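The sequence and structure are shown first.

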Amino acid sequence: MLSRLDSLVDETGALQSKLILLVGRPGCGKTRLLAMLANRRGAKVMNVGAALGKRLAALPLRQRALQANVVMRELAQSYASGDLLLLDNIELLFDQMLKLDPLDLLKRHAKALRVVAVWPGELRDGRLIYAEMGHPEYQDYGLDGLVPFEIDKFAESEFGRTECGPQGEPQGGGEQTVK
């Protein structure tokens with residue numbers, strides 16, 4: 001699976017929008033796969049929630065929504081390795097107080113950089129879904145301008161086989177670490 005993702009990252013370099021979203025059930029190894037890609041490529045993964053949250057917390061409440069795009073752009077520049085940006089824990093982008101369109105923000109970054117991000121929602125009927133309908137942060141997107149990379153129910157990697165259970169909890173793979 002890592003080799004497939006690595007090849008896809010190279011292939012997207014020629015596209016206008018170079019956004020790859022890792023999509024799969026919780027516990028199926030999206031974050032682990034992103035870390036393995038980072039290790040292979042000599043890149044670092046930006047924990048968006050921690051990095052953006054820390055920078056925005058230093059701003060007055062009224063300034064946070066106004067500065068979120070600027071701060072995210074600065075962080076992307078500092079975390080990018082060449083033309084590759086790896087993003088995890090992007091849930092903060094969905095916070096209504098920031099008044100962002102998370103997918104649009106990712107796509108804008110993907111015009112200049114190859115972006116690989118862990119999608120915190122799911123892919124359902126050819127649509128990206130974040131949260132459940134009725135939830136204040138609910139979002140429903142089409143797949144235009146991005147490449148979904150689905151993590152299989154049985155995620156194969158150099159570290160063994162992991163089966164996701166009904167609640168998305170890994171089963172049968174034991175403790176696995178990324179080297």
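Three strands are arranged as an open sheet in the order 5-6-7, with antiparallel pairing. The model under discussion is predicted. At the edges of this sheet lie strand 5 (122–124) and strand 7 (139–141), each of which pairs on one side only. From one strand to the next, the twist averages 30 degrees. In general, the strands of a sheet pair through backbone hydrogen bonds, in either a parallel or an antiparallel manner. Strand 6 (residues 127–130) and strand 7 run antiparallel and are joined by three bridges. Within this pairing, Tyr130 has Gln139 of strand 7 as its bridge partner.

**Helix 5**

Strand 6 and strand 7 also contribute to the cover over the buried residues of helix 5. Which residues of helix 5 (residues 102–112) are buried? They are Pro102, Leu103, Leu105, Leu106, His109 and Ala110. Viewed down the axis of helix 5, these buried residues fall within an arc of 160 degrees, and they therefore line one face of the helix. Lys111 and Ala112, on the other side of helix 5, are exposed.

| Element | Residues |
|---|---|
| Strand 1 | 19–23 |
| Helix 4 | 61–79 |
| Strand 3 | 84–88 |
| Strand 4 | 114–118 |

**Helix 3 and helix 4**

Helix 4, one of the elements covering helix 5, also packs with helix 3 (residues 48–57): the two axes come within 10 Å and cross at roughly 130 degrees. Because of this angle, helix 3 is oblique to helix 4. The crossing in which helix 3 passes helix 4 is right-handed. On the side of helix 3, the contact is made by Val48, Ala51, Leu52, Arg55, Leu56 and Ala57. Helix 4 contributes Arg64, Gln67, Ala68, Val71, Met72, Glu74, Leu75 and Tyr79 to the contact.

**The protein as a whole**

How many helices and strands does the protein have? There are five helices and eleven strands. Of the 179 residues in the protein, 41% are buried. Among contacts between residues at least 6 apart in sequence, 70% join residues at least 24 apart.

Conventions: Residues numbered from 1 in each chain as written. Predicted model: local features only at pLDDT ≥ 70, side-chain atom pairs only at ≥ 80, totals over all residues. Heavy atoms only, no water. Pairing = 2+ DSSP bridges. Helix = DSSP H or I, 4+ residues; strand = E, 2+ residues; numbered from the N terminus. Axes fitted to C-alpha atoms, helices over the stretch in contact; angles between N-to-C directions. Buried < 20%, exposed > 50% of the residue type's maximum accessible area, 1.4 Å probe, protein only. Arc of directions from axis to C-beta. Contact = heavy atoms within 4.5 Å. Parallel < 35°, antiparallel > 145°, perpendicular 65-115°, else oblique. Left-handed = near helix turned anticlockwise from the far one by under 90°.
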